[in-house]
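Trainee: Please take a close look at a single residue in this chain. I would like to know where the residue lies, what surrounds it and how the rest of the chain is arranged.

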Amino acid sequence: IVGEFNCSCVGISKCLPAYCKDDTPNACYNDIPKKDLNEIKTISDLLGQKAVAILVKTAREKSKPAAVGDYFSGTPVDISALTKMSKDDLGLLPQPATPRFKTALIGLYVRAQPYGGSDKSSNGHRYDT
């Protein structure tokens, strides 16, 4: 659904305290003020609701027989050659017990950049993930 977005593009710039830079190399989710977490959650929940609506619509469309040129028989992506770079999942919600859809969180870690990139918290995840 989303190739990539950053927090300030969608109005959740209150995540910025979790952003690593030279003067805050250990910044993380816990650095976001508690009062800002509610607003971040509200906006993030809205994004999630919009994403679920798109997934539901797509699932309905795919429940129809494939037409000429359609390709529904893809297999899951083999990630065995990928290396996990994050230290932990601080700030991420737990996996749902009964997920409605199969989705993935994919992050990029640029080894040549301090902290893995200018958009990372100290655990290696984007601070707005």
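Mentor: The model is predicted. Ser 86 counts as buried because its relative accessible area is 16%, under the 20% cut-off. Setting aside neighbours within four places in sequence, the contacts of Ser 86 are Asn 123, Gly 124 and His 125. Lys 120 is 34 residues from Ser 86 along the chain, and the C-alpha atoms of the two are 9.8 Å apart.

Now the chain around that site. The chain has one helix and zero strands. Of its 129 residues, 19% are buried. Among contacts with a separation of 6 or more, 65% join residues 24 or more positions apart.

The largest nonpolar core is a separate topic. In soluble globular proteins, nonpolar side chains tend to be buried together. Here the largest such core consists of six residues, namely Cys 15, Ala 18, Ile 32, Leu 37, Ile 40 and Tyr 127. One of them, Ile 32, can be followed through its contacts: with residues up to four places away in sequence left out, Ile 32 touches Lys 14, Cys 15, Pro 17, Ala 18, Leu 37 and Ile 40.

Notes:
Residues are numbered from 1 along each chain as its sequence is written. This is a predicted model: local features need pLDDT of at least 70, side-chain atom pairs count only at pLDDT 80 or more; totals for chains, interfaces and linings use all residues. Side-chain values use heavy atoms; hydrogens and water are left out. Buried means under 20% relative accessible area, exposed over 50%, partly exposed in between (1.4 Å probe, protein chains only). Contact means heavy atoms within 4.5 Å. A nonpolar core is a set of buried Ala, Val, Leu, Ile, Met, Phe, Trp, Tyr and Cys residues joined through side-chain atoms within 4.5 Å. Helices (H or I, at least four residues) and strands (E, at least two) are DSSP runs, numbered from the N terminus.
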